[in-house]
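User: I'd like to walk through this structure with you, one question at a time. Can you take it from here?

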Amino acid sequence: MEEKNTSLIKDEMSERIIAAAEELVLTVGAEKITVRRILQKLSITNRVFYNRFHNINDVLNTVYENTVLKIRESITAKFDPKGDFFSQVIDIVAGTLIMSYEVKMNFNTYVFENDSVSQDNYQWWKEQIINLIEFGKKQGHLKNIDSEAMAYAVWCFIRGYNADALGRKLPRDEAVRNFKYSFGILLDGMRA
């Protein structure tokens, strides 16, 4: 068994290992990635790997964090205050579903498992949803609803829908179409 190194190297090889893991996530899925697969893919030794990472979870956590940042970017898209509030919200939220499909179904199980335990990620999303609800209330688009409770409900709806659609491997276009329809009904219930 390889001894854990406490002073890890961060260099170009670290980035190559992360890139190889990202590629493997897309082709074989996060659950099937091992240190051995990365070593074979890059033709490197255990020593090269373990000088940079403690274990495969260190690499997968980095891939996960990169994925979360990409998905977060989709909700911070430009919002036109003069545009149709409800259409924009549906499009922005559907963008998170689309991003999940773009990073491939193979990585989503890992992402959702980590989302479940990542309080920071949950807090970030909840704050973004609360901000959107508060904006909608101030603009007169939404009823006077409990923003925090509704943010949690929206979070659960989006995550649950996404996990199910990906778990059942629905085609992306079908999942997005059905999501926009059902999320639109949820939003209609919040209209002022």
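Predicted model: local features only at pLDDT ≥ 70, side-chain atom pairs only at ≥ 80, totals over all residues.

User: Which helix is glutamine 88 found in, and is glutamine 88 buried or exposed?

Analyst: Helices here are DSSP runs of H or I with at least four residues, and strands are E runs of at least two, numbered from the N terminus. Glutamine 88 is found in α5, residues 85-102. Buried means under 20% relative accessible area, exposed over 50%, and partly exposed in between, using a 1.4 Å probe and protein chains only. At 15% relative accessibility, glutamine 88 therefore counts as buried.

User: How many helices and strands does the protein chain have?

Analyst: From the N terminus on, the elements run α-α-α-α-α-α-α-α-α. That gives 9 helices and 0 strands.

User: What share of the contacts in the protein chain with a separation of 6 or more comes from residues 24 or more positions apart?

Analyst: For context, the protein chain has 192 residues, of which 44% count as buried. Among contacts with a separation of 6 or more, the share from residues 24 or more positions apart is 73%.

User: Where do the buried residues of α1 sit, seen down its axis?

Analyst: Helix α1 covers residues 12-28, and its buried residues are Met13, Ser14, Ile17, Ile18, Ala20, Ala21, Leu24 and Val25. Seen down the axis, they fall within an arc of 160° (taken from the directions from the helix axis to the C-beta atoms), so they line one face of the helix. An α-helix has 3.6 residues a turn, so residues three or four places apart point the same way.

User: What does serine 14 touch, not counting residues up to four places away in sequence?

Analyst: Serine 14 has its place in α1. With a relative accessible area of 2%, serine 14 is buried. Beyond residues up to four places away in sequence, serine 14 touches Ile9, Arg52 and Phe53.

User: How many aromatic pairs are in the whole structure, and what angle lies between the planes of phenylalanine 85 and phenylalanine 86?

Analyst: Rings of Phe, Tyr and Trp (its six-membered ring) pair if their centres lie within 6.5 Å; planes under 30 degrees apart count as stacked, over 60 as edge-to-face and the rest as tilted. A search of the whole structure turns up 12 such pairs. One of them, phenylalanine 85 with phenylalanine 86, is edge-to-face at 5.2 Å centre to centre, and the angle between the planes is 85°.

User: Which residues do ring pairs link into a cluster?

Analyst: Tryptophan 124 and tryptophan 125 form an edge-to-face pair, at 5.1 Å centre to centre and 80° between the planes. As for the cluster, ring pairs link Phe157, Tyr161, Phe179 and Phe183.

Terms used:
Residues numbered from 1 in each chain as written. Heavy atoms only, no water. Expected span 1.5 Å × (residues − 1). Contact = heavy atoms within 4.5 Å.
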